[in-house]
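Hi,

Here is the structure I promised to pass on. Have a look at it first, then read my notes below.

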Amino acid sequence: MKILLMGCGNIGKYIYNALSQRHEVAVADKAGGCPSTIARDALEVPLGGYDLVINALPGNIAYKASRRALEVGVDVVDVSFFPEDPFELDEVTKKSGARYIPDAGVAPGLSNVLAGRLVAELGKVDELGIYVGGIPERPVGPLGYSITWSPLDLIEEYTRPARVRRSGELVSVDPLSGVELVPSPLGMLEAFYTDGLRTLLKTLDVPNMYEKTLRWPGHIEKIKLLRDLGFMSEEGDPPPRLVTANLLSRLKFDVPDVVYMKVVGSGGQKKVQYEVTVRPRAGWTAMQVATGSVAIGMLYVIKDLDPGVTPPEYIGMSNRLFPRLLAAVRQHGVEIVQEIVERRAL
């Protein structure tokens, strides 16, 4: 397969390393961070001759890059975190005959796959909760955090209003609100709302649904202070957000990271929970492995999809595609455990 990888940052490097051993992979990347870089500008690279584009660009340019590829009929697996609605690309994708899998990372991404699986297994789901975090295995540095992905996308996570569903109604809440303590294999973690449901809000008929990000206790209070003081604003020259992103990019410590996710669904008298744990592997961070493995796993299912936008939850609902994706992800060392809890009637 001839693949164009757009973006060769932390996640792109892992994807390139894994795929270049079996496929012909060219790279479009501003920094030239991977071998086989053919262009600096992903929005101008020629797209002819490629079987697939993997979009691992920062969210501020990723939507345009995916649209450009889809318009000329190239399939796209997208791991970026852009604010636009992926379904806006459905018409152009169907018109060109291309297939598009948006949000193909960890969360959104694997979280959507497991959410879709829960709905397929339970039938009727009354409440769905996603808890996910990529954190150092112990608190470190001034924020108790070590960065493993795009600092601009991290800031977006802290500032973009979080959409949740309550009693069937769509509401937007402060992305750093709803703080609760959550037990995990690492210890007690803090959870707060983030805008990770995205396509799930349109595709799943679940009256109560939310996503929360996990961090070590104390992190949220410090981040809220930075945000409320304006250090994450886009207003100014240069925008404070860019300065803050540069500072956050320095928060890299020699401590192994861990990706932990829990997706919980309940319906009737049954509760189903998926737990995901990813640790560093062969010199790669847990975040690189977790995100990259999902994007790579999508290569095993995308050719069986119909033209148009296919959110990851639809893959989770498929009895044929879900096992295939799960097997591909597990090959990278991603641990996924299912637990079914029967609840007694009151």
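Let's begin with a term: rings of Phe, Tyr and Trp (its six-membered ring) pair if their centres lie within 6.5 Å, and planes under 30 degrees apart count as stacked, over 60 as edge-to-face and the rest as tilted. Before the findings, a word on the source: this is a predicted model, where local features need pLDDT of at least 70, side-chain atom pairs count only at pLDDT 80 or more, and totals for chains, interfaces and linings use all residues. Residues are numbered from 1 along each chain as its sequence is written, and side-chain values use heavy atoms, with hydrogens and water left out.

**Aromatic rings**

Searching the whole structure turns up five aromatic pairs. One of them is Y14 with W284, edge-to-face, at 5.3 Å centre to centre and 90° between the planes. This pair links distant parts of the chain, 270 residues apart: Y14 is in helix α1 (residues 10-19), while W284 is in the loop between β14 (270-278) and α9 (286-297). (Helices, H or I with at least four residues, and strands, E with at least two, are DSSP runs numbered from the N terminus.) Y14 is buried, with a relative accessible area of 7%; buried means under 20%, exposed over 50%, and partly exposed in between, using a 1.4 Å probe and protein chains only.

Then there are Y193 and Y210: their planes are at 80° and their ring centres 6.4 Å apart, so this pair is edge-to-face. Y193 belongs to strand β11 (residues 187-193) and Y210 to strand β12 (residues 208-215), 17 residues apart.

Which strands make up the open sheet, and in what order? Seven strands do, in the order β3-β2-β1-β4-β5-β6-β15, with parallel pairing (two strands pair if DSSP finds at least two bridges between them). At the edges stand β3 (37-39) and β15 (308-309); each has a single partner strand, so one side of each is left without a neighbour in the sheet. Further in, β1 (residues 2-6) and β4 (residues 52-55) pair in the parallel sense over four bridges, and M6 stands opposite N55 in β4.

**The disulfide**

One disulfide (a pair of cysteine sulfur atoms within 2.5 Å) comes out of a search of the whole structure. C8 and C34 form it, with their sulfur atoms 1.5 Å apart. C8 is in the loop between β1 and α1 and C34 in the loop between β2 and β3, 26 residues apart. Both cysteines, C8 and C34, are buried.

Cheers!
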